[in-house]
Amino acid sequence: MSDDPVDDDGTPDNTSGDTRDDDPEASAASGQRRTARVRDRLERRVLAALALGTLGVLLVVFYYPVATVLVESVVVDGVVTLGVFVELLRDPFYFGDLARVFAGENPLTVARDFLGPDRRIGIIGFTAYQAALSTLVSVALGVPLAYLLARFEFRGRRTLRSLTILPFVLPSIMVAVGFVATFGRTGTLNSVLGALGLPPVELMFTLEAILIAHAFYNAPLVARVTTAAWESVDASAIETARSLGAGPLRAFYDVVAPQVYPAVLMGAALTFVFTFGTFPIVLALGGFQLATVEVFIYRLVRDLNYAEAAALAVVELVISLAVLFAYLRYEAKHTVQSGGVRPLPRKPLVPPVNTVREWLPRAGLGVYAVVASFVFIAPIASMILASVTGGDGALTLEHYRFLLDRQETGAAFQVRPWPAIRNSLVFAAASALVALPMGVVIAVVTTREYLGRKLVGTLAMAPFAVSGILVGLGLLRGLVFGVEIGGWRIAIAGSAAIVAAHAVSGYPFVVRTVAPGLESLDRSLIESARALGASRSRVVRDIELPLVWPGVVAGAAFAVAISMGEFTSTIVLATGADAYTMPIAIERFIGRRLGPATAMGVVLLVVTAISFVVIERLGGDYSGL
Amino acid sequence: MDSNGDDLSTTARNRAHAPGPDAPVAVELAGVAKRYDGAVAVEDVNLEIREGEFFTLVGPSGCGKTTTLRLIAGFETATEGTVRFGGRDVSGLPPEDRDVGVVFQNYALFPHMTVGENVAYGLNFADPPGGVTREERVAELLELVDLPGTADRDPDSLSGGQRQRVAMARAIAPGPDLLLLDEPMSALDAQLRERLRVQIRTIQRELGITTVYVTHDQEEALAISDRVAVMRGGTPDQVAPPRTVYREPDSRFVAEFVGDNNVFSGTAVDAAGSTGNDVLAVDIDGETLRVATGPGADGTGRGDEPNPDSGDRVTFCVRPEHLEIDRSSNAVRATVESAEFLGETTRVHLDWDGTPLVVRTRDPLTGTVAVGFHPDDAHVIDVERL
């Protein structure tokens, strides 16, 4: 702020000469101006203070813990060394034949061997391989859904569209239980096959089951981003192409495809990163036979081999970030800005005329619907069905009774349902209370214009890309085991660390739901209110908050749901503690007793759904996701 | 053709409601400049807006008119200079303490409030003027803008023109000292715009409220204002009543921006006085045209340029409606290029040896015609001494 010429009432340096000591009105005005200035400054300070507070929380619960992991991987017995990494890189167990290249062998020899029959791809190779396949399957299942949602009009289209956000909030361990109930030896699939007189299939602990489960999670994501891009294609652009002589296919290829393709690629890149860091699904469906990097890090943590776990986590992070970075570079170059004023008209599901050209795409969608209902509906339905089916195939409530018995008679070391439910609810509420203000502040800070805004945005959204194991491990090693600062040992309880980890995984969703509302907020609304006499803080209360409220509510619902389903960092932090949550309870049951695991899964589903609906009642808007 | 005397009296007659030049100054901008990271938005702005005046800032996009309005409203702080309201420096005052009403181009109605709540919003911070209740004030204003009984409706359910009027009512409700309108009609269709500008003008006169209006539409500016500031490159080029701006533009820019015009440049071949008292002969590429220079630099408005000497470079303009076809003297021969039929008149584009001319006629023209003007109908914009 530049210096105001009028600093005090009627000081001689006031060159305007309008403010005189004997003019009460003028000196009142000057006083008013001074208070207004002070107020303006205070209000700016408040935002700065909130931003600093948020940064502090992020530093303590995210950057510091992650940094301790990084340090742990390069400091062995107090000596800085890259030894752990070098060993890791040269270990064929992790890197397969590539490790021989790192060990100094001729790349050509290695490449020749790699093409031979005894190639080894190692854990990292396998993780990348399954992620790539999962990405293909997800895109194959996601793009037809986007086509259906963007180009056709039918009853329930909007509902179906909003359902595509569900996988974000469905607890992954619950979905894994659903898949076990579907594909297990006595699962729904084999029952159906048996009823049809077909031989049973064994999909448990196979790559196929993992791929389908990954598609369950990521195909809706691909569909979501692709639909948004497809809907923003301007009809007049296609009409222009057609009028210039392009046929319908050519117009699609020249106008629609270039706008839709980057969105598909974005969905694919995100899917790859997510499935590269997959954990609960592989843990439940693949076991250690099909271990991915994340599962192996978990195993190393369980074996207290922290240095190697940390190094492996860093390698995983580098690969994930490299993929994301490559994608962002691509996006920056290829984003097509569309005017998008007039969307393409939607077609009815029943063709207006009986021609092959009208029927062919609809028939394709019909086939797709059958496959999709199997992938998306069967797991949840199977889980619910399995929870009420006994070993003899008859309907029973024995699994729920088992949970009640366990609650009453369970030993101290055994998992009991009520503490799991109670912990889940408490952690969810507490982490939402942390995540909401953090998310809102970051949304405000990242939607303002200033130098370095991009950097702030990237730093604030980094938790999106960092695996839960890494965060959990960092919190465990950094804060739960305690840090020494100036002779004081500071340690936080496992449950507090869980809340912190949940808040870290939840707040990016708050940012995503709140930011669009803030961004679309017309500056002239704020200016109008101020011209009408409202102070800056009053404008926040009267105008900005009511208008972004739906986003805040949606963010809260997400933060709660994410916390309830969070598994990866919770399982690291809940070791030994009795701070287990519903997903942890499911995991403890799943190995030995599928029935109670499915019953617990249904409990988790119901509790999550109720919480979501209760918050939803406050009026949420999810368009930002 | 009006003589100078007639000119002044018609102006005075048509501006019967306008505050005279001795009305107190409501808003003053003294040496105001606004720069963003070194880029100049406005510079060297010196304006005095009188109480009760309808004052318009007009200019092409990027000329700084909206920035000037935002500086008056307090949304921007001047990098240099002072903004005064009634002699009081308001430079440090935030917008909520300036007692201004603002109407934006997009109306900025609060979407989560009803029409009535929108209009009443400013009454949260100021008592309704005239000792009425909030409800009475809201009803009164909706009546004023011709939207009675709409208080319970959602802004979404209104048409563009209706929203614009609600925004007006909301801005006026707390009884501000100053009304600021930022292109409030540019999103509306032409017919509605013409109707609404009459309504805005009527309301402004009724309330006697000092109003600053921003528009890029010079026709609108001429139609609605007491005085107009034509802005260019961040600085007012000319500040004058509409008639003066139209008839006696101070610069080539104003001459060409406000309405159609024919601007000529040539060399003075006869010093003033030798061909008659007020008439100057100007040579343009071999053709000589005679131009009245007025009775000299005596402050009548026209002719405040110095009397040119022989050899000076003279720029003058003649409005299309003052160019006469088939004129025998003080004329040139030009070829018809194209014509636009506008209803009452036809705008004909001519070519005079590479110089484009524009003429208003009743009947369409073809071929080559003699086109000229009465020396009194020319206005000298600029004289460059050599």
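Predicted model: local features only at pLDDT ≥ 70, side-chain atom pairs only at ≥ 80, totals over all residues.
Buried means under 20% relative accessible area, exposed means over 50%, and partly exposed is what lies in between.

**Entry 1, a pair in chain B.**

I then turned to B:Asp226 and B:Arg201, which form a salt bridge whose closest N and O atoms are 2.6 Å apart. B:Asp226 sits in the loop between helix H7 (218–224) and strand E9 (227–232), while B:Arg201 belongs to helix H6 (residues 190–207), so the pair ties together parts of chain B that are 25 residues apart in sequence. Both B:Asp226 and B:Arg201 are buried.

Next I checked A:Glu153 and A:Arg346, whose side chains meet in a salt bridge at 3.9 Å, N to O. I placed A:Glu153 in strand E3 (residues 152–153) of chain A and A:Arg346 in the loop between helix H16 (306–334) and strand E4 (347–348), so this pair ties together parts that are 193 residues apart in sequence. A:Glu153 is partly exposed at 39% relative accessibility, and A:Arg346 is partly exposed as well, at 28%. I also noted that these two belong to a network of salt bridges that links them with A:Arg157, A:Arg161 and A:Glu231. Over all chains, I recorded a count of 27 salt bridges.

I followed helix H22 (residues 494–520) and helix H24 (residues 536–565) of chain A, whose axes come within 8 Å and cross at roughly 160°. That angle makes H22(A) roughly antiparallel to H24(A), and the crossing is right-handed. I then looked at helix H9 (residues 172–183) and helix H26 (residues 582–590) of chain A, which pack at an angle of about 30° with their axes 9 Å apart. Here H9(A) is roughly parallel to H26(A), and their crossing is left-handed.

Finally I looked up A:Leu52, which lies in helix H1 (residues 24–74) of chain A and is exposed, with a relative accessible area of 59%. Together with A:Leu55, A:Leu59 and A:Val60, A:Leu52 forms a nonpolar patch on the surface, and the accessible area of the four together is about 380 Å².

Terms used
Residues numbered from 1 in each chain as written. Chains lettered and ligands numbered in written order. Heavy atoms only, no water. Patch = residues over 30% accessible without salt bridge, like charges linked within 9 Å, V, L, I, M, F, W, Y side chains within 5 Å. Areas by Shrake-Rupley, 256 points an atom, 1.4 Å probe, with all protein chains shown as cover. Helix = DSSP H or I, 4+ residues; strand = E, 2+ residues; numbered from the N terminus. Buried < 20%, exposed > 50% of the residue type's maximum accessible area, 1.4 Å probe, protein only. Axes fitted to C-alpha atoms, helices over the stretch in contact; angles between N-to-C directions. Parallel < 35°, antiparallel > 145°, perpendicular 65-115°, else oblique. Left-handed = near helix turned anticlockwise from the far one by under 90°.
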